[in-house]
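Thank you all for coming. Please take a moment with the sequence and the structure before I go through a few parts of them.

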Amino acid sequence: MKDFEYGDEQIGEKELRFAIPSIVIGVGVLSLPRVIAQETNGVDGWVSILLGGGLAMFMTWIVATLAARFPKTTFVDYASLIVSKPIAIILTLLISIQFLLFTSYEVRSIASVSKLYLFDRTPIEFIALSFFLVVIYGVSGSRAGLFRLNLLFLPIILFIALVVSIFTLGWFEMNNLAPFFQTSFDGYRSATKFSFLSFLGFGILLFYVALVEQPKAVPKRTAVAMILPVFTYLLIYVACIGVFADSAAGNMIYPTVELAKEVEIPGEFFERFESIFFVIWIMAIFNTTALSFDVTVLAIRSVLKKMSKLAIIFTLSPIVYLVAMYPQNFKDISLLGKFITYYSVVFTVAVPILLLIIAKLRGVKGDV
Amino acid sequence: MYRCHLILLSFVIFLVLSGCWDRVEIEQRGFVVGVAIDLAEEQSGGASDGDQQIELTLQLANPRGLGSTTTGGGQQKAFLNISGTGSSIFEINRDMAKQTSRTPFYEHLKVIIVSKELAQKPGLFSKTMDTFIRDPEMRRSVKVLVAEGKSKNFLNMESEQEKLPSLKIESIIKNTRKNASIIEPVRIGKVHQLLLNRNSYVLPTISLVNNKLKDEGVAVLHGKSNVLVGTLNKTETKGLNFIKGETSSGVFHVNVDGDSVIYEIVNAKSKIQCEAKSKDDLKFTVSIEMEGNIAEDYGSKDDLIDERYLKKVESKIEQEIKNIAQQTIDKVQKELKVDVLGFDRRLRRTDYDLWEQVRKNWDRGDNYFAKSDVNVEANAIVRITGVADQTKSGIIE
């Protein structure tokens, strides 16, 4: 067998635009309507989703602006220019830990959801392993190939989200949306926080922008690309509230999966639509996991330049798998998820803002 | 060397790909289409935890009996009913595996029938619903019904068109369009929502009269205590549908000047308005608007085209609507004191702060619902009077 090389390790700005929704849409949306419904009354959560989404768009723009300031320079190199080499290396490693944990979290979550709804008796370790092996295979290959998969899967994913929302309209009750604007300020604030946290993932831009030839337009375009997940989430959230009402949606572990189970194609010849939904959503989660694992590998490789890509992948994979298998139950998994989101807030929200400010103050710039 | 690897690899692939932990052959799957839940006949002494003993009956579809008559299959019954007794649904369910060679599989469940007696026991209804809401195999679109008498008898009904009694029940309760005194089927997802909100609600009831299925009337369940507190008869159910604006068709029989006029409902809407000054001064106005056609006119004195006569017919119909709605309100508000009319949700929308004050004492405790004023308004419109004016001459000799 001979390796087939796809072009080179360069991507276009269009691939980045697809990568943003691809990494954001993952397991988060399966439970997001619950979290939002618990905090808000009626359908008020739409305000929070828009606010959180707006904030996420702004952060995407910040991160991309920072990375685009130094065209064709890796994160560790431009961070060295801004805040000395040792700190840059530490930052890179810490961020790579974030993406490593995130990969574990996605693997474990999809394994748990599949076990709950699809594989009653299959051990969760095996479900996770078979999914993760595919991810490892994907990441071992060409990076351009991964981006092409994003391009291929994303329209299908958005389409299925649309189908789920449209074909549940039969159960949609306007009464469930009321009362309007009766949420307390605290409710909005905490729902906005949760919605913003579900849009994390723009951190990949810190590393991927370096691969783009002409990154000038990247900040604006990736920020605009963030609109896609925001509207997908909004659509699914409103459908969940309309169909289940806030009380029941806030009570279900995975309201989005339950919504998919409610789908009725007119004519009653098609039951169990959720099987199709699962197939497509596993594609979405594959994209998220693969991108996240790829960024981990990319980040570590930028520090340990002598190690080959495959060597890094085969060293990291067991760690990812063990971390994924560590949580004992649903509570532990959510705890891991929570830890990762707060960790990410530090390293992909606070750190890029600081770096950008310091870079501006010191006037450091990449060569254009 | 390379070849050796390939052979090894293919062995690994065979090992990994040929296994399937969750494989259940389709012949071994028992497709549960209907579930009936009753109180157990007698208490077996073994119930140490003090839980009420219940009897669960599952209706499994028998694919062989379902085949069309020409393909053979002989005289096999299309279904198989199995029963078990215990204190929890899930335990009974596991016990039942001993009774049948097929594992019960719930993804195609259509109806859950609960006996009236069971729903009258405090808290038991929500306990039995729990597993149907919790289990990932269950669907939220399963319909829930209350049965007069033993619910498992309904799973043994004879029927000509449908081979499976469960499917027959399901298709009958879906026929809300032809009759104003049947309510929309209630799905278990809705039950979950109502239980969480502590809203009181109604469930359709079915009964067997001379081994024929009748689906009229509803059972009223109280939200807080979750107990069946009463039932509404045919007319009261009609009124309930009028008030909630859920009538899509039906027939009215009114008497105008000593002659019958039959009015066919085409479209009905209702609007509940709420005037909330304080928690002791709540006023609800139900406005019912109905559109319909004259289907039959036995009178021969007046012209239907005559505006005065038509107005008279309309006002008679309005009177009738008001009567029926008032009957329901009297029963629900004064007798049962349970809000199944959706006034709570109306108030919640109109004045959320006031609702927060009264929600704990809405249809329990101080019962602000029973104390509130309710006013019914009706407006009936006759759209079409048919293609002929009169069948026989109106001139009296």
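Let me begin with a question: which residues in H12(A) are buried? In H12(A), they are Pro255(A), Thr256(A), Val257(A), Glu258(A), Leu259(A), Ala260(A), Lys261(A) and Glu262(A), where buried means under 20% relative accessible area, exposed means over 50%, and partly exposed lies in between, with a 1.4 Å probe and protein chains only.

Before I go on, a word on conventions: this is a predicted model, in which local features need pLDDT of at least 70 and side-chain atom pairs count only at pLDDT 80 or more, while totals for chains, interfaces and linings use all residues. Residues are numbered from 1 along each chain as its sequence is written, chains are lettered from A and ligands numbered from 1 in the order in which they are written, and side-chain values use heavy atoms, with hydrogens and water left out.

Back to H12(A), which covers residues 255–262 of chain A: because eight of its eight residues are buried, this helix is largely enclosed by the rest of the structure. Helices here are DSSP runs of H or I with at least four residues, and strands are runs of E with at least two, numbered from the N terminus. The cover over the buried residues of H12(A) includes, among others, helix H5 (85–117) and helix H13 (274–303) of chain A, together with strand S7 (186–187) of chain B.

That brings us to the interface of the two chains, where the contact, meaning heavy atoms within 4.5 Å, takes 34 residues from chain A and 26 residues from chain B. Between them the chains bury about 2700 Å², 45% of it on carbon and sulfur atoms; buried area is the accessible area (1.4 Å probe) that two parts lose on being put together, summed over both. Of the area that chain B buries against chain A, Trp21(B), Asp22(B) and Arg140(B) supply 23%, more than any other three residues.

The count between chain B and chain A is four salt bridges, each a side-chain nitrogen of Lys or Arg within 4 Å of a carboxyl oxygen of Asp or Glu.

I will end with one residue, Thr57(B), found in strand S2 (residues 54–61) of chain B. Is Thr57(B) buried or exposed? At 2% relative accessibility, Thr57(B) counts as buried. Not counting residues up to four places away in sequence, Thr57(B) touches several residues, including Gly34(B), Asn81(B) and Leu155(B).
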